[in-house]
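Subject: Structure handover

Hello,

Here is the structure we discussed. Please load it first, then read the notes below it.

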Amino acid sequence: MSRAFLVVIDSVGIGGAPDADAFFNDGVPDTGANTLAHIAQACAEGRAEEGRSGPLRLPTLDALGLGAAVRLASGDNVPGLGAEPVGLWGAATEVSPGKDTPSGHWELAGLPVPWDWTYFPKQTPAFPDDLVAQVCKIAGTDGILGNCHGSGTVMLDEFGAEHMRSGWPICYTSADSVFQIAAHEETFGLDRLLDLCEKLAPTLHEMKVGRVIARPFVGEPGHFKRTGNRHDYAIRPPEPVLTNWVQDAERQVYGIGKIGDIFSMEGIDEVRKGDDATLMTHLSDLVDDAPEGSLTFANFVEFDSLYGHRRDVSGYARALEWFDARLARLLPRLRGTDMLLITADHGNDPTWTGTDHTRERVPVLIAGRDTGSVGQVSFVDVAASVADHLGVVSHGPGRSFL
């Protein structure tokens, strides 16, 4: 019986989205954004020399077809990635009306988002008064801090000290459909923060806000640090997705990283979390130990969270090269009937204006199946193909490219 490993390298887009002009960063359309190509070009030009040096080196991913996928998706030049693919490869295009985590992952799992997400206006205050009042009532406070768009580290620098003094939660949003609450694990309390987010989530979900995110942190003013206790309270998918299809066939489904949060544990038997280095260990363990017929669905988030949003080209390149090296050690341990499919959920071009995701096509790289190009496919075709490989029924609109 076959096993499948579906690995999302978060935000590793390859340009070429046909509707990029409808998505924006700081008022600038995403037309021309290309996360992978622009990183490779920066490396080749000596503009990504912090903690690494020289051209981008991704021999394992390139052999699977990464460079070829970028050229197929966008036609852009990808210095250093010119290998003749030995895997099955292609490029996938999204149709959901968002460039966020749930939209990408739901569609990769066979379900295009059936509604428009709610986004908070880029103004201060950003949130309606009745929502703020509900936060205060649940938290037992007289007010909130933030009430604006912002990045997490900036929110801590700006409001962390006042939060510790007043006890008011720090509430903020981004270009994604999210409501984020940061609070100090010791002075506010981790359990209290999680309880606040869990009780608030149904109201936000009714508004079609995709996620309520608990953002706990520790430390003192000037030295605040987020912890690994983040928790996402996401809208439950309104229809069965790939994980449900596999579980309904009485197969085991493992989630690595934030997969459990993204799908509200729909169809997932076990979740393993941690930073990306720990997640790679979890993936390695499951390559060795996951039972026949199982699905392992992994998300490696730090490309996006640590480097894309922070527009850190060198850091993004280092993370890609680290992943490539670890993948090289992983692939030889796949069993004869295994399939490992690597893709992404959106782009986050670190050379682009602003700090938000970028609308892009994504790579589809497959080890364990045939060699050749699957061409231009849809996100939903990924789910159909994984189901096909596992021999379970696909209930989504996608078509298998295997």
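Start with Asp100. This residue caps the N-terminal end of helix 4, with a side-chain oxygen 2.9 Å from the backbone nitrogen of Ser103. Bear in mind that this is a predicted model.

Just after helix 4, Gly110 has a positive phi of about 105°.

His105 also links to the next site: it is one of the residues that Asn299 touches. Asn299 sits in strand 13, residues 295-300. Its relative accessibility is 1%, under the 20% cut-off, so Asn299 counts as buried. Its side chain makes two contacts worth a look:
- a polar contact with the side chain of Asp10, at 2.9 Å
- a reach to the backbone nitrogen of Val301, at 3.3 Å

Leaving out residues up to four places away in sequence, the neighbours that Asn299 touches also include Val8, Ile256, Lys258 and Leu279.

Now the helix pair. Helix 5 (residues 129-139) and helix 7 (residues 185-206) have axes that come within 10 Å and cross at roughly 140°. The two helices are therefore oblique to each other. The crossing is right-handed. On the helix 5 side, Leu131, Gln134, Val135, Ile138 and Ala139 make the contact. By class, the contact has 8 nonpolar, 2 polar and 2 charged residues.

Best wishes

Conventions:
Residues numbered from 1 in each chain as written. Predicted model: local features only at pLDDT ≥ 70, side-chain atom pairs only at ≥ 80, totals over all residues. Heavy atoms only, no water. Polar contact = N/O pair within 3.5 Å; in protein donor to acceptor, adjacent residues only side chain to side chain. Helix = DSSP H or I, 4+ residues; strand = E, 2+ residues; numbered from the N terminus. Axes fitted to C-alpha atoms, helices over the stretch in contact; angles between N-to-C directions. Parallel < 35°, antiparallel > 145°, perpendicular 65-115°, else oblique. Left-handed = near helix turned anticlockwise from the far one by under 90°. Contact = heavy atoms within 4.5 Å. Nonpolar A, V, L, I, M, F, W, Y, C, P; charged D, E, K, R; others polar. Buried < 20%, exposed > 50% of the residue type's maximum accessible area, 1.4 Å probe, protein only.
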